[in-house]
Amino acid sequence: MEYLLDSNSLFDAHEKWYQPQVFNSLWDFIGSKDCIKMGQFVFEEVQYPEDLVNWTKNSFKTRLLIPDASVVNEYNKVMDWIKQSGYWATSGIAEWEIVEKADPWLIATAMAKNLTIVTLDGIGRSLLPQVGMKVKKKNRR
C-alpha cells in the first residue's frame, strides 16, 4: 500500500503529537519510505515552521507527485461531484474552485494513483468529501 500525505497531518504531528526533537526516528522513517508520497499542492502548503519546510523539501523532492493527465481527469470528476452533491453552499464551492486549493488535488491524486490519503480532516473541521458517495444536503439551522 502507498500513502499520500495531507499537510494537516504533518502540521499537527509536528506541533502537537510527534515533535521532531522527541520523535526524530519517526520523522526519519516517514522521510525515507518510498511508499509515502506527497502531491505538489500539499508540498506548496508547507511554508512553516522552517524545520518542517526543510524536512519536507529534503524528504519529498524525489517523491513529489506532479499532476499529470490522469490526475487532471480525476480532479475534474472531484469538482463535478462537489458542485452536484448538494452538500456545499455556493460560497463553499467557490473555496473548492480555487485552483491552488490542495484538497481536491489531493483527492484526485489519490484516485488516479490508487493511494491512501493520510489526513486529520474531519476532526472538528470540514471533511474531505467522499467523492462518489450520495450525500444529502444537511439541514442548516
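Which residue in β2 is the bridge partner of Y3? The bridge partner of Y3 in β2 is I36. The model is a predicted one, in which local features require pLDDT of at least 70 and side-chain atom pairs count only at pLDDT 80 or more, while totals for chains, interfaces and linings use all residues. Residues are numbered from 1 along each chain as its sequence is written, and side-chain values rest on heavy atoms, with hydrogens and water left out.

Strand β1 (residues 3-5) pairs with strand β2 (residues 36-39) in the parallel sense, over three bridges. Strands here are DSSP runs of E with at least two residues, helices are runs of H or I with at least four, and both are numbered from the N terminus; two strands pair if DSSP finds at least two bridges between them. The open sheet consists of four strands in the order β3-β2-β1-β4, with parallel pairing. Its edge strands are β3 (64-65) and β4 (116-118), each of which pairs on one side only. Strands of a sheet pair through backbone hydrogen bonds, either parallel or antiparallel.

Helix α4 (residues 50-60) lies across β1, β2 and β3 and runs at about 110° to β2. Such angles run from 0 to 180 degrees between N-to-C directions, the axes being lines fitted to C-alpha atoms, for helices over the stretch in contact. The buried residues of α4 are L52, V53, W55, T56, S59 and F60. Because they cover an arc of only 165° around the axis, they lie on the same side of α4; the arc is that of the directions from the helix axis to the C-beta atoms. Buried means under 20% relative accessible area, exposed over 50%, and partly exposed in between, with a 1.4 Å probe and protein chains only. The face of α4 turned away from the buried side carries the exposed residues E50 and N58. The buried residues of α4 pack against β1, α1 (7-17), α2 (24-32), β2, α3 (40-45) and β3.

Of its 33 residues, L5, L10, M38, L52, W55, F60 and I82 touch the most other members. A nonpolar core is a set of buried Ala, Val, Leu, Ile, Met, Phe, Trp, Tyr and Cys residues joined through side-chain atoms within 4.5 Å. Leaving aside neighbours within four places in sequence, L10 is in contact (heavy atoms within 4.5 Å) with L5, W27, M38, V46, L52, W55 and T56.

Helix α1 also contains A13, which is buried at a relative accessible area of 13%. Residues up to four places away not counted, A13 touches Y18, Q19 and W27.

The search of the whole structure finds nine aromatic pairs. Rings of Phe, Tyr and Trp (its six-membered ring) pair if their centres lie within 6.5 Å; planes under 30 degrees apart count as stacked, over 60 as edge-to-face and the rest as tilted. F11 and Y48 are stacked, at 5.0 Å centre to centre and 5° between the planes. F11 lies in helix α1 and Y48 in the loop between α3 and α4, so this pair ties together parts that are 37 residues apart in sequence. F11 is buried, at 15% relative accessible area, whereas Y48 is exposed, at 52%. Y75 and W105 are also stacked, at 3.9 Å centre to centre and 10° between the planes.
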